[in-house]
Amino acid sequence: MKKDEIKPNKEELFVNKHIQPGDERKSGFEMKLNFLKAAFLDLFLVFYTLLILHRVIYYKLFLNLREIPFSWGQILVVLLVSIILGGLWTASRTSISAKLFGFAKNTPFSKWSVEISSWIIFDLTFIAGWVITKISIVDLFSSEGISGANRIFSAIFSPSFSIFDDALFAIIETVYLALIATVLSIPPTFVLSFLSARNLMKDNKISFALYYLLRIVFNFIRSVEPLIWAIIFSVWVGIGPYAGMIALLVHSIASNAKLYSEAIETIDQGPIEAIQATGANKIQIIWYAIVPQIILPFLSFTIYRWDINVRMATVIGLVGGGGIGTMLMQYQGLARWHEVGLIVLMIAVVVWIMDYLSAKLREAIF
Amino acid sequence: MLLQLKDLNKQYSSGVHALKNVSFNVEEGEFLVIIGLSGSGKSTLLRCLNRLLEPSSGSIIFMGKEIAHIKGEELRLLHKQIAMVFQQFNLIDRRSVLTNVLTGGLASMSTLDSVLERFTPLMIQQARKCLQIVGIEEKAELRADTLSGGQKQRVAIARSLMQKPILLLADEPVASLDPATANSVMQYFEKINKQFGTTIICSLHFLSLVRKYASRVIALKDGEIVFKGDAKDINDVLFREIYGDESSDFEIK
């Protein structure tokens, strides 16, 4: 190789970077592809707008129907209309998508069309949301509503201490349930976090595949609420604190493994290089160069997870996960609001204490 | 001959060509200093020598053996024989000075023993001796992050001594220290070179230090060797060639 081939002028390199073929003039194929994408997007936007106009605005708001009539025929008609309208809109090069993909006409009408249609879509979405949520100012402030609120608040604010002993035991159960779920989550999370840290796993293909698999699994587990895990496990191991504990455990492992592995990904690489340079093996590198750097964040995350778990444990109780939540559900079912008041009060106090303690502990660590 | 480099090239996946046809030999007992601007390839060169990086092409013969592309257990044994000291010290901040020095001996321990931190009394004795060589044995029980920069670098040197290295690499070991501390740290390298006959390859910025400690100098510019020889042969013309026209003499000299 010639010398000047290896070493191009720095300025030349800099300029070359910015000039890329197709940057100024898009190729014909790319244009067609963009037009097709825009046509689909416009079709979707028109279809969405017409559907809301037809089903929400017309049936629900205008005719005030309880049961909205449904037939595939109607939907098909709406779709056909949208295909025609959307196609025309894209072809006229005045649509939102034409603007997005950069081939809109530069005329006042084109700008007006994009602006107005954007507003219409946004407003219709908001109105549809309002109607679907059944928002009603009347329900909130009707005399019937107010008296109901009065009844429940006055009961809750005069809690009945007759069930104090039971509630105390139930809430202790909740705290311990959360504690066990947190403690049991530590060893598996610790191991899994190394396997799901990008900087440790990217070097070879098998480990990188494992990294991706673990990330996907963790994301899936985290996206399913602990409440749903509790329902699953209450069928599996029977209703009670055990099911609630496993639900929290599963969720804690998936959530903390992500946090832990992110802590591993941001550590200082220097000590790793240094320990590697002494001839240490992989496990020794992890133990001496990585673990000392991550032990405090790990501890902090874990304490915080206990705090979160206590809060979640009260909710999980509602679906039979044991503890104070189960008790709350029983008394709520019986409409014994004074007892519910006590339970809510105790949950509030315990959550507050946990919050305070975990903050103090985490402060002390750092 | 201890080390022989021939046509060594290193191109990063980003496309940067950090080393271009670098060739030189190192005799046993030398104190070789590599100079050059930041980005001239000094760090890349040192990391290729102990194979923290794999060169793209060329050969590295260390003690009569080709090491340019070795892997696994062989590579680990090479790491054990070649110690390295870094600009940022790279100590384990939260552990004691003694533990930091002991990590230099990890390669000769079983994985289980090292994870349980069962260091033999002999190893601990050796570690204390290494600390004694760099003159900070009284700091052995302190946490590494309580030390000053110069002390940290001395601990790093003690850690490298713990390996009983055949070759000691130092990547700008005094670049983040003040001039007085830099000189005292360099004296420990000289001591190791003279007393134990350990071969040292060290990258430096300051020519004053180069003249004082180097037995031979190699200058790198844009990944190529532009000078090989004695430190005192670096005249003004060469100086400009290596450091560029804008650099002022008093800062580096």
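Modeller: In chain B of this predicted model, residues 24 or more positions apart account for 69% of the contacts with a separation of 6 or more. Chain B holds 10 helices and 10 strands, and 54% of its 253 residues are buried. Its accessible surface comes to about 10,900 Å², with 51% belonging to carbon and sulfur atoms.

Helix H5 (residues 121-133) and helix H6 (residues 149-162) of chain B have axes that come within 8 Å and cross at roughly 135 degrees. H5(B) is therefore oblique to H6(B); the crossing in which H5(B) passes H6(B) is right-handed. On the side of H5(B), the contact is made by B:Met123, B:Gln126, B:Ala127, B:Cys130, B:Leu131 and B:Ile133, and H6(B) supplies B:Ala158, B:Leu161 and B:Met162. Sorted by class, the residues in this contact of H5(B) with H6(B) are eight nonpolar, one polar and no charged.

Chain A has 17 helices and zero strands. Of its 366 residues, 38% are buried, and the chain exposes about 22,400 Å², of which carbon and sulfur atoms supply 70%. Among the contacts in chain A with a separation of 6 or more, 71% are between residues 24 or more positions apart.

Just after H16(A), A:Ala335 adopts a positive phi of about 55 degrees.

H9(A) passes H15(A) in a right-handed crossing. From H9(A), the residues that meet the partner helix are A:Thr174, A:Val175, A:Leu177, A:Ala178, A:Leu179, A:Ala181, A:Thr182, A:Ile186, A:Phe190, A:Ser193 and A:Phe194. They face A:Ile286, A:Ile290, A:Val291, A:Ile294, A:Phe298, A:Thr302, A:Arg305, A:Trp306, A:Asn309, A:Val310, A:Ala313 and A:Thr314 of H15(A). By class, this contact of H9(A) with H15(A) comprises 16 nonpolar, six polar and one charged residues. An α-helix has 3.6 residues a turn, so residues three or four places apart point the same way.

A:Ser82 belongs to helix H4 (residues 72-91) of chain A. A:Ser82 has a relative accessible area of 0% and is therefore buried, the cut-off being under 20%. Apart from neighbours within four places in sequence, A:Ser82 is in contact with A:Leu43, A:Val46, A:Phe47, A:Leu50 and A:Gly87.

Notes. Residues are numbered from 1 along each chain as its sequence is written. Chains are lettered from A and ligands numbered from 1 in the order in which they are written. This is a predicted model: local features need pLDDT of at least 70, side-chain atom pairs count only at pLDDT 80 or more; totals for chains, interfaces and linings use all residues. Side-chain values use heavy atoms; hydrogens and water are left out. Helices (H or I, at least four residues) and strands (E, at least two) are DSSP runs, numbered from the N terminus. Buried means under 20% relative accessible area, exposed over 50%, partly exposed in between (1.4 Å probe, protein chains only). Contact means heavy atoms within 4.5 Å. Accessible areas come from the Shrake-Rupley method with a 1.4 Å probe; for residues, only the protein chains shown count as cover. A crossing is left-handed if the near helix is turned anticlockwise from the far one by less than a right angle, and right-handed if clockwise. Ala, Val, Leu, Ile, Met, Phe, Trp, Tyr, Cys and Pro count as nonpolar, Asp, Glu, Lys and Arg as charged, and the others, Gly among them, as polar. Axes are lines fitted to C-alpha atoms, for helices over the stretch in contact, and angles run from 0 to 180 degrees between N-to-C directions. Angles under 35 degrees count as roughly parallel, over 145 as roughly antiparallel, 65 to 115 as roughly perpendicular and the rest as oblique.
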